Amino acid sequence: GLSVDYCVHLANAYVEAPVWMTTRERRTQHALMIMGVSITASAITTIISGSILWLCILKFFSKFAFLITATIVSSFLWSVLFLPAALVVFGPPGADSWSNLKPMFRRAAGCFKR
């Protein structure tokens, strides 16, 4: 759940972009402007909270600290670097085209025809 949360928030902001934003680039910029600050603040506070566990003497807590911080850092980097790039290239461009699967099926059918 932790590693998907940031991507889901950005994807939701992308889909909920205003109607007049018809290009993928503008919708991605909108998603990063709306949710980017919240995602960054959440990642920073979670990393700080998890890092405090490294001060514990028990081995379990230090391993748990590594697990939390590594998961959050990885999730943040994937959601801020990979997802926006994927949305710019593959994201639905129009306001109502996100639910239309016909173009995807046409492309898939074209891959199997020779």
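Contact means heavy atoms within 4.5 Å of each other. The structure is a predicted model, in which local features need pLDDT of at least 70 and side-chain atom pairs count only at pLDDT 80 or more, while totals for chains, interfaces and linings use all residues. Residues are numbered from 1 along each chain as its sequence is written, and side-chain values use heavy atoms, with hydrogens and water left out.

**View 1. The whole chain and its elements.** The secondary structure comes to four helices and zero strands, in the order α-α-α-α from the N terminus on. Helices (H or I, at least four residues) and strands (E, at least two) are DSSP runs, numbered from the N terminus. Of the 114 residues of the chain, 25% count as buried; buried means under 20% relative accessible area, exposed over 50%, and partly exposed in between (1.4 Å probe, protein chains only). Among contacts between residues at least 6 apart in sequence, 63% join residues at least 24 apart.

**View 2. Helix 1 and its buried side.** Helix 1 covers residues 2–15, and its 14 residues should span 20 Å at 1.5 Å a residue; the end C-alpha atoms are 21 Å apart, which agrees. The expected span is 1.5 Å times one less than the number of residues. The buried residues of helix 1 are Tyr-6, Leu-10, Ala-13 and Tyr-14. They lie on the same side of helix 1, because they cover an arc of only 110° around the axis. The arc is taken from the directions from the helix axis to the C-beta atoms. An α-helix has 3.6 residues a turn, so residues three or four places apart point the same way. Helix 2 (24–52) and helix 3 (59–90) are among what covers the buried residues of helix 1.

**View 3. Val-8 of helix 1 and Leu-83.** Val-8 also lies in helix 1, but this residue is partly exposed, with a relative accessible area of 46%. In sequence, Val-8 and Leu-83 are 75 residues apart; in space, their C-alpha atoms are 9.9 Å apart.

**View 4. The largest nonpolar core.** A nonpolar core is a set of buried Ala, Val, Leu, Ile, Met, Phe, Trp, Tyr and Cys residues joined through side-chain atoms within 4.5 Å. The largest one has 13 residues, of which Tyr-6, Leu-10 and Ile-39 touch the most other members. Helix 1, helix 2 and helix 3 are the elements that give two or more residues to this core. Helix 3 supplies the largest share, five residues. Leaving aside residues up to four places away in sequence, Ile-39 touches Tyr-6, His-9, Leu-10, Phe-76 and Ser-79. In soluble globular proteins, nonpolar side chains tend to be buried together.

View 5. Thr-28 is found in helix 2 and counts as buried at 5% relative accessibility. Its contacts, not counting residues up to four places away in sequence, are Tyr-14, Pro-84, Leu-87 and Val-88. His-30 lies in helix 2 as well and is buried at 15% relative accessibility. With the neighbours up to four places away in sequence again left out, His-30 touches Ala-13, Ala-17, Pro-18 and Met-21.

**View 6. Arg-27 and the ring of Tyr-14.** The charged end of Arg-27 sits over the ring of Tyr-14, 5.0 Å from its centre. A charge sits over a ring if NZ of Lys or CZ of Arg is within 6 Å of the ring centre and within 35 degrees of the ring normal.

View 7. Rings of Phe, Tyr and Trp (its six-membered ring) pair if their centres lie within 6.5 Å; planes under 30 degrees apart count as stacked, over 60 as edge-to-face and the rest as tilted. By this rule the count comes to three aromatic pairs. The rings of Phe-60 and Phe-61 form an edge-to-face pair, with centres 5.3 Å apart and planes at 70°. The rings of Phe-60 and Phe-64 are stacked, with centres 5.9 Å apart and planes at 10°. Phe-60 and Phe-64 both lie in helix 3, four residues apart, about one turn of the helix. Ring pairs link Phe-60, Phe-61 and Phe-64 into a cluster. Phe-60 is exposed at 56% relative accessibility, whereas Phe-61 is partly exposed at 30% and Phe-64 is partly exposed at 34%.

View 8. Pro-92 is found in the loop between helix 3 and helix 4 (102–112). At 23% relative accessibility, Pro-92 counts as partly exposed. Pro-92 and Arg-24 are 68 residues apart in sequence, and their C-alpha atoms are 6.9 Å apart in space.
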